[in-house]
Amino acid sequence: MEQAPGTSRAAAFRESNPGSAVELPYEGFDTFLKREIADVEDVAGADAAVLGAPYDGAVSNRPGTRYGPRALRRASGWLAYLSGYKGGLTNVRTGREVDFGALELVDCGDVPVFPMDRETTAESISAHVATVADQGVMPVLLGGDHYCTFPSFRGFAEGSDHETVGLVQIDAHTDTVAESAVLGEHFHGSSTHHIAESPHTDYEHVSQVGIRGYESPGFFEFAEESGLSLFTVRDIETRGIRDVVREAITDAAADADAVYVTFDIDSVDPSVAPGTGTPEPGGLSASQALTVMETLGEHDSVGAVDLMEVSPPLDPTDNTSRLGAYLLTTLLEQQFA
């Protein structure tokens, strides 16, 4: 191998071996889509900025979602690798041409979390999401348990200075519990309640898609009286997923300045995505879940997104984190690529 004067052996090797410019999915640092690491204070000019919230101190069942952000980043490396060595990709589902290397996306790492201090953790999430939003950049939050959505939503609304923000929640559960005798007022089953009670929105600007399983007595009466736009799994089976999601985003966006999208991975059937703490049978298929993100990504009101409740220890196959990475990438592709 010839080495030019003043050139290191490593530089000479890279120059003579073009394949070394392609980072394999299992090499390097685990950032989302292998994108550049950025300080949360300096993301202006990007389309979106990824932050992790490795916190599961508010779960009601099985822990493990603290490992979700790392797993989602690692799983996304496959798509970055394919796009890198092929010079872009064709999404066969949508027919779109996309080059993930050209996507203006940065990864700000994980926000500081405090395992024994939910309140300080929530303040941290809000502050970091608000800092991204204040720069006109879409926050992309990797959870973490679903309680993290409440401070993230609050941070987005405050940072972007939006008066009203709609919420589209893809979930098996409604998370509308006001208070639990066992778990208190703040846990992952209360996040939507706190969002709807915040100054930034109300239930008339909340749409929920994929709800199933069991809720409290009188739940349907509550949904009707509160103005909640509720779309159960039975609605999806009857009407089709794309039609339901289009109505959900339209309802949430009506008279709102922007829409926050939260996707709980337990909305997907546990036969497909078992790595989550509170699985419910009869959920979305992987194809339906991807269609959800394709459809939401087409709507220009979407200003922030999160992916919650991936618990890698409960899925040794990594299928849950892989699907989660594809879901986020699908929405980003539709929005920006």
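Author: In the protein chain, residues 24 or more positions apart account for 74% of the contacts with a separation of 6 or more, where contact means heavy atoms within 4.5 Å. This is a predicted model, in which local features need pLDDT of at least 70 and side-chain atom pairs count only at pLDDT 80 or more, while totals for chains, interfaces and linings use all residues. Residues are numbered from 1 along each chain as its sequence is written, and side-chain values use heavy atoms, with hydrogens and water left out.

Reader: What makes the protein chain as compact as a globular protein of that length?

Author: The secondary structure comes to 10 helices and 10 strands, which are DSSP runs numbered from the N terminus (helices: H or I, at least four residues; strands: E, at least two). The radius of gyration, taken over C-alpha atoms, is to be set against the globule rule, 2.2 Å times the number of residues to the power 0.38. For 337 residues the rule gives 20 Å and the radius of gyration of the chain is 20 Å, so the chain is as compact as a globular protein of that length.

Reader: How do you know that the span of helix 8 agrees with what it should be?

Author: The expected span of a helix is 1.5 Å times one less than its number of residues. For the 13 residues of helix 8 that comes to 18 Å, and the end C-alpha atoms are 18 Å apart, which agrees.

Reader: Which residues of helix 8 are called buried, and why are they said to be on the same side?

Author: Buried means under 20% relative accessible area, exposed over 50%, and partly exposed in between (1.4 Å probe, protein chains only). In helix 8, Ile241, Val244, Val245, Ala248, Ile249, Ala252 and Ala253 are buried. The arc is that of the directions from the helix axis to the C-beta atoms, and these residues cover only 155 degrees of it, which puts them on the same side of helix 8. An α-helix has 3.6 residues a turn, so residues three or four places apart point the same way.

Reader: Why is Asp255 called exposed?

Author: The relative accessible area of Asp255 is 73%, and exposed means over 50%, so Asp255 is exposed. Asp255 is found in the loop between helix 8 and strand 9 (258-264), and its phi is near 60 degrees, a positive value in a residue other than glycine.
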